[in-house]
Amino acid sequence: MLSPRASGLAALTAAVVVAATGCTSGQGNAPEPSPATSSKPAAEVTLRPPDIQPGYQEIASGGPHRGDGDLGPVRLAKGVSWVNVNCVSDTGIGRLTLTVDTVGEFTVDCPSTEARINVNQLDLAEARKGRFHIETTDRVRWIASLQVPS
């Protein structure tokens, strides 16, 4: 969740939406899983750019990328903005930390079997300037987008 860096003027409502690109299922103790229902290896998972929210414009984006990234300086408007990231780890569960300086940071888990789609809402009491950073390991692939009202 968010670790506020400002004096309480920023609030983050994180709504994490998970979309699976593959899934597994079992039939009781059935020894042979169906090939159509098995998860894809991370190398086969396709990362798609985050959707642009209706009525919003993208002011910073990056990826697909591996490891740390800096999406540069941003100016967030008063009210609601969106920080979206889609990610997948090469192995296990990777972790990705998104930081918007002067506003806050949050951490996202990135599985290796599906693309994780994270949609996060920032609700600011006043406009802010900052930098948009992403910190993670080289085993995590990601695409990110920061969106403000049009």
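Colleague: How many helices and strands does the secondary structure of the protein contain?

Modeller: The protein has zero helices and nine strands, where helices (H or I, at least four residues) and strands (E, at least two) are DSSP runs, numbered from the N terminus. Read from the N terminus, the elements are β-β-β-β-β-β-β-β-β. This is a predicted model, in which local features need pLDDT of at least 70 and side-chain atom pairs count only at pLDDT 80 or more, whereas totals for chains, interfaces and linings use all residues. Residues are numbered from 1 along each chain as its sequence is written, and side-chain values use heavy atoms, with hydrogens and water left out.

Colleague: What percentage of the 150 residues count as buried?

Modeller: The term buried means under 20% relative accessible area, exposed means over 50%, and partly exposed lies in between (1.4 Å probe, protein chains only). Here 41% of the 150 residues are buried. The accessible surface is about 7,900 Å², and carbon and sulfur atoms account for 51% of that surface; such areas come from the Shrake-Rupley method with a 1.4 Å probe, and for residues only the protein chains shown count as cover.

Colleague: Which residues touch the most other members in the largest nonpolar core?

Modeller: A nonpolar core is a set of buried Ala, Val, Leu, Ile, Met, Phe, Trp, Tyr and Cys residues joined through side-chain atoms within 4.5 Å. The largest one has 23 residues, and Leu76, Leu96, Leu98, Phe132 and Trp142 touch the most other members. At least two residues of this core come from each of β3 (69–76), β4 (79–89), β5 (94–100), β6 (104–110), β7 (116–124), β8 (128–135) and β9 (140–149). Strand β9 gives the largest share, five residues. Another core, of five residues, lies apart from it and includes Leu47, Val88, Ala115 and Ile143.

Colleague: With which residues is Leu98 in contact, leaving aside its neighbours within four places in sequence?

Modeller: Contact means heavy atoms within 4.5 Å. On that basis Leu98 is in contact with Val83, Val85, Gly104, Glu105, Phe106, Val108, Phe132, His133 and Ile134. For the protein as a whole, among contacts between residues at least 6 apart in sequence, 80% join residues at least 24 apart.

Colleague: What is the strand order in the open sheet of four strands?

Modeller: Strands of a sheet pair through backbone hydrogen bonds, either parallel or antiparallel. Two strands are taken to pair if DSSP finds at least two bridges between them. In this open sheet the order is β3-β8-β5-β6, and the pairing is antiparallel. Because β3 and β6 stand at the edges with a single partner strand each, one side of each has no neighbour in the sheet. From one strand to the next, the twist averages 20 degrees; axes are lines fitted to C-alpha atoms, for helices over the stretch in contact, and angles run from 0 to 180 degrees between N-to-C directions. Six bridges hold the antiparallel pair β3 and β8, with Pro73 opposite Arg131 in β8. Strands β5 and β6 run antiparallel with seven bridges, and Leu96 stands opposite Val108 in β6.

Colleague: How many aromatic pairs does the structure hold?

Modeller: Rings of Phe, Tyr and Trp (its six-membered ring) pair if their centres lie within 6.5 Å; planes under 30 degrees apart count as stacked, over 60 as edge-to-face and the rest as tilted. The structure holds one such pair. Tyr56 and Trp82 are edge-to-face, 6.4 Å centre to centre with 80 degrees between the planes. Tyr56 is in strand β2 (residues 56–66) and Trp82 in strand β4, 26 residues apart. Trp82 is buried, at 15% relative accessibility.
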